[in-house]
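Colleague: I am new to this structure and would like to learn how to read it. Could you walk me through some features, one at a time?

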Amino acid sequence: MRAWIIPLLCLALGVWPTPAFVREQTTDNGPFLKRTDISNIVFLINDLTAPGLTNSSGNVIITPGSDPLGALQAALNTWNSVGTATVVFAPAGQTSKAAADTSRPDFINIITFADTPANRNQVHSAAGDAIALTTTFFSPANGAITDSDIIFNPTLNFSTTLQAGTFDIQSVATHELGHSLGADHSGLIGATMFYATGTGVNFTSTLSFDDIAFATEVYPQPGAASAFGSIFGTVKLSTGSPLVGGLVAAIDPSTGIAVGGVTQSDGAYTISKLPPGRYFVYVEPMDGPVEPDQFGNAGDRANVNFLTTIFGGAATPQATPVIAAGSVNADLTVPSGNPAINIEFAGVAPSGSGKRFVGGAVAMGSGQLLDVGFEGPGLDDPTISESTISFLGAPISIVKGSLVRSMAANNTPILGFTVQVAPNASSGLATALVRSSTAAAVYSGGIRLLGAPPTFSAAGVVDAASFAGGGVAPGEIISIFGTGLGPANGVGASLDPSTGRLSSTAATVSVTFNGVPAPLYFVRQDQINAQAPFEVAGQGAASVIVSYQGAPSQPVSIPVITAHPGVFQKPGASQGIIVNQDGSLSDTAHPAARGTVVTVYATGQGSIQPPLATGQLAPLGGPLSTAQQGVTATIGGQPAQVQFAGMAPNFAGLFQVNVQIPAAASPGPSVPLVLTVGGAGAQQNVTLAVR
């Protein structure tokens, strides 16, 4: 059974083709839209945005338990993380403004879920109900964007937990922010800027290379262009006439890097910002799932009466080599005529699961065995076989003997088969190619390869200060070590501007303990730093799951213990992170005097009183939250008086212990410090300098 997807739309602006990807323009042949505030784009979030938000009918817009402000900030950070571009979205602020601008700009960029008549009218007057909408004001003279407002449809359901029937807030916001930068919809189905998304998925919250190429082309870092090459050419009909409005794409089968575009009025195209590699090039009509009305005026002129054509031929595609700072020609000639076959719809499900297919881009993880379905006219052609179905840009093989044919309820043919994704498949896009004896069809960039799911073991879950394993304590700062845990480049923490708490999502990474989201300090492919939720207190074990790009790890069971103290230390040294009474950082150049009070920074204290919410920063004033279990310390083997043991103000999960150095302690550059909480000891190799 198929589940249709609802379009994500930007305000119609009169857009015409452009080299590679697709950019918005003021008019048919007018200037491209572009931001002039690219180094500091400020968006304000309507202050009603919170978990449990309802619309005027009392229906939930944002599900309870979601982290909408954290997800919106993560979407901003996603565009900020394009290393080859100069895009800088400032940390989001808040505003009481609820309705988007409709008649004239106020030069304030807002994001709103608020159910106002103006917002409802905007999302419902778009081409069908939109999931979200970006209204953009610009200068007709030069295309300078002056105001962008993002409206989430208040009649739909959104979440950050991938709850069934809900749209992922971060994915939708990342798409709409692309519009605010001047990007139009992409012809690649798996790109973030594709016009539609489904419920319960979040893989498009990570930018595809098509999206990255747009940002790099329009807002390049100095010298970025020299790292990329391009493919250019002209697409003509067999009659010699130029092909107008054809969807062109280049995809590297070894990396999954894909960039698309649209042919211009003279049939010319340029696909730029391609990393060095070998690319398959092809052109297809806008006959579904990518259709003319997704591209403004470009779609009005698009010729859809031609056959999908691959450079070198569908049976033996010819790879086009691209080198840095180089440009290579690839002209194509396409036959006119109504496409005999077309893939309009695709879906995947775990092999043998019996789950229904969902629409839009389909996600495949490394090593997975999956049932695949293609639906569209002409797919009942008897000359289509397992040997004529392939995937450009991915090590995906069809299981022999798995091909089955059926008909949808609307009498459209369906091809079903099982595929095996290679265990070493890297993340990227892949294009499905189906050939009959007379025609070919592609599902362009419609497969999002997620790479291997996150992998870690119980031994890889440790105290972030001591790196000791054996369990987690409520509220402890922990590190998770493994593979495929997040992006290659590390992404730091962000605060939810509404609650002031640490966000539980970063770069599409999330971690749960028995289903409770864990606040994140840092994520990278090999390491995550997070806070174990206070909610695990009293539970014998926690089932920990790490998700990245929508792919979850296997659950790993970790014992829950009452205390698991660890003292933070300087990298590669025994010296603890300790502050002297005069405010200086304790080290051999600044030893602490005997009799003075030093502050030791640690974690793993367990439950506290009064309690703090998971991810909450300890307040600077008011009652101080202290460890519920007894805390002791010795310095140089001498008992040391603990004057305070509680949460460090203005931090989340950081345990502060104020200790007086005994007068009897022997001075030295490396005097041992031993800390215990509830009888559990921290690591034994912590020292401080004493004079």
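**Reading a helix and its surroundings**

Modeller: Gladly! This is a predicted model. Let's begin with helix 1, whose buried residues are Pro68, Leu69, Gly70, Ala71, Leu72, Gln73, Ala74, Ala75, Leu76, Thr78 and Trp79.

Colleague: How many of the residues of helix 1 are buried?

Modeller: The count is 11 of 13, so helix 1 is mostly covered; a residue is called buried when its relative accessible area is under 20%. As a general idea, an α-helix has 3.6 residues a turn, so residues three or four places apart point the same way.

Colleague: What covers the buried residues of helix 1?

Modeller: The cover includes strand 4 (43-46), strand 5 (93-95), strand 6 (109-112) and strand 8 (144-152), along with helix 3 (169-180) and helix 4 (209-218).

Colleague: What span should helix 1 have?

Modeller: Helix 1 takes in residues 68-80, and at 1.5 Å a residue its 13 residues should span 18 Å. Its end C-alpha atoms are 19 Å apart, which agrees.

Colleague: Now let me look at single residues. Is Ser171 buried or exposed?

Modeller: Ser171 has a relative accessible area of 4%, so it is buried. Ser171 lies in helix 3, one of the elements covering the buried residues of helix 1. Setting aside residues up to four places away in sequence, Ser171 touches Val201, Asn202, Phe203, Thr204 and Ser205.

Colleague: And how does Ser390 count?

Modeller: Ser390 counts as partly exposed, because its relative accessibility is 28%. Ser390 belongs to strand 24 (residues 389-392). Beyond its neighbours within four places in sequence, Ser390 is in contact with Thr431, Ala432 and Leu433.

Colleague: Let's step back. How many helices and strands are there?

Modeller: The protein has 5 helices and 50 strands. Its radius of gyration is 28 Å, close to the 26 Å from the globule rule for 691 residues, so the protein is as compact as a globular protein of that length. Along the principal axes, its C-alpha atoms fill a box of roughly 100 × 60 × 55 Å.

Colleague: What share of the protein is buried?

Modeller: Buried residues make up 58% of the 691. The protein exposes about 24,800 Å², with 55% supplied by carbon and sulfur atoms.

Methods
Residues are numbered from 1 along each chain as its sequence is written. This is a predicted model: local features need pLDDT of at least 70, side-chain atom pairs count only at pLDDT 80 or more; totals for chains, interfaces and linings use all residues. Side-chain values use heavy atoms; hydrogens and water are left out. Helices (H or I, at least four residues) and strands (E, at least two) are DSSP runs, numbered from the N terminus. The radius of gyration is taken over C-alpha atoms; the globule rule is 2.2 Å times the number of residues to the power 0.38. Buried means under 20% relative accessible area, exposed over 50%, partly exposed in between (1.4 Å probe, protein chains only). Accessible areas come from the Shrake-Rupley method with a 1.4 Å probe; for residues, only the protein chains shown count as cover. The expected span of a helix is 1.5 Å times one less than its number of residues. Contact means heavy atoms within 4.5 Å.
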